[in-house]
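Here are my notes on the model, point by point. Have the structure open while you read.

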Amino acid sequence: MDYLYYLFVLLSFLAVALFLEGSYLAWNAYRGPEAKRIERRLRAMSAGEGAEQVSIVKKRLLAQTPALERLLLALPRVHLLDRLLLQSGVRLNVAGFFGLTLLSTGIGLGLALAIHLPLFAALAVALALAMLPTFYVYYAKSKRLQTIEAQLPDALDLMGRALRAGHAFSSALKMVGDEMPDPVASEFRITFDEINYGISLQGALTNLATRVPITDMRYFVIAVLIQRETGGNLAELLDNISALIRARLKLLGTVRVLSAEGRLSAWILTILPFALAALINFINPGFMALLWKDPAGLKLVGTALVLMIVGIFWMWRVIRIRV
């Protein structure tokens with residue numbers, strides 16, 4: 001008798017558990033988040049809501065939390081900053097970049113106040129450290145674009161050989177993404193994935209030119225788009241672009257060698273006043289204190305900084321030669 005009672009309790013428990021599991025699965029199939037997402041996509045693609053455009057391009061998030069995402073979207077030109085972070089290749093979103101900037105500002109202000117610098121000097125140190133993340137992002141972008149520019153001729157040669165072997169243009173893009181090193185491989189791989197997922201060739205190549213804003217990449221994109229409209233030997237066209245890029249990079253290397261002395265002089269003249277001021281302040285703090293304690297000293301410091309900025313801009317324009 002006791003065995004029948006325990007068996008009845010066990011079967012009742014299993015029945016209730018299976019009923020609850022079935023009810024949850026049925027609700028999830030018809031009213032769950034996945035069902036609602038599929039319903040929204042079907043409704044968006046239906047004839048009744050044909051005006052709504054469904055984008056299959058992956059969108060970057062400005063922040064991990066929705067509230068912070070909405071706050072950042074309200075800022076003007078925030079997408080330009082997001083594009084800069086994308087072009088630099090750093091693993092930061094806009095919220096992380098702002099957080100790193102605020103952290104650098106706090107560290108700079110705390111260090112300046114800890115060594116008892118005046119308020120003006122402390123704010124200057126905090127501002128200088130706050131600009132470090134921006135300088136790093138621009139530096140990373142410049143180095144990444146230079147690397148892509150140096151890798152692009154080999155990528156075009158590989159595409160030309162693939163086209164001569166009978167591969168399609170999209171297959172040639174995939175070969176570059178598989179065989180070439182990063183970062184050029186990742187960019188061409190993204191372009192291949194966009195074409196493979198249904199984006200038009202013109203849209204995918206335009207996105208490539210946006211992610212890699214260099215002149216040689218624009219030449220490649222424009223040449224391919226024109227060839228798709230007018231016809232011609234695309235393999236020979238890619239070989240000509242590759243030879244042109246190699247010749248330009250060779251000339252650019254010669255120009256950089258000839259302008260190396262000017263660039264070194266610009267760096268020395270920029271860093272020397274600040275390094276000398278820090279050294280004098282370390283040796284004799286009272287001697288340099290007049291520059292921020294006396295009103296005439298503040299005027300001299302302001303005038304010197306303005307003249308230094310003008311001189312730095314002038315030297316930068318002189319040694320920056322476009323090829």
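1. Is Phe 97 buried or exposed? Phe 97 counts as buried because its relative accessibility is 7% (buried means under 20% relative accessible area, exposed over 50%, partly exposed in between, with a 1.4 Å probe and protein chains only). Phe 97 sits in helix α5, residues 94-114. Helices here are DSSP runs of H or I with at least four residues, strands are E runs of at least two, and both are numbered from the N terminus.

2. A word on what we're looking at. This is a predicted model, so local features need pLDDT of at least 70 and side-chain atom pairs count only at pLDDT 80 or more, while totals for chains, interfaces and linings use all residues. Residues are numbered from 1 along each chain as its sequence is written, and side-chain values use heavy atoms, with hydrogens and water left out.

3. On confidence: the mean pLDDT of the protein chain is 76, and 76% of the residues score at least 70 (pLDDT is the predictor's confidence in each residue, from 0 to 100). Residues 42-57 fall below 50, and this stretch has ten contacts in the model beyond near neighbours in sequence; contact means heavy atoms within 4.5 Å.

4. Overall, the protein chain has 15 helices and zero strands. Of its 323 residues, 28% are buried.

5. Back to Phe 97. Leaving out neighbours within four places in sequence, its contacts are Leu 81, Leu 85, Leu 92, Pro 133, Thr 134 and Val 137.

6. The structure holds two aromatic pairs (rings of Phe, Tyr and Trp, the last by its six-membered ring, pair if their centres lie within 6.5 Å; planes under 30 degrees apart count as stacked, over 60 as edge-to-face and the rest as tilted). Phe 97 and Phe 98 make a tilted pair, 6.0 Å centre to centre with 55° between the planes. Phe 188 and Phe 220 are also tilted, at 5.9 Å and 50°. Phe 188 lies in helix α9 and Phe 220 in helix α11 (residues 215-230), so this pair ties together parts 32 residues apart in sequence. Phe 188 and Phe 220 are both buried.

7. What about charges? There are nine salt bridges (a side-chain nitrogen of Lys or Arg within 4 Å of a carboxyl oxygen of Asp or Glu). One of them joins Glu 149 to Arg 248, with the closest N and O atoms 2.1 Å apart. Glu 149 is in helix α7 (residues 132-164) and Arg 248 in helix α12 (residues 234-258), so the pair ties together parts 99 residues apart in sequence. Both Glu 149 and Arg 248 are buried.

8. Arg 164 and Asp 239 form another salt bridge, at 2.3 Å between the closest N and O atoms. Arg 164 is exposed, at 52% relative accessible area, whereas Asp 239 is partly exposed at 23%.

9. Thr 191 counts as buried because its relative accessibility is 0%. Glu 194 and Arg 211 meet in a salt bridge at 3.6 Å, N to O. Salt bridges with shared partners join Arg 144, Glu 187, Glu 194 and Arg 211 into one network.
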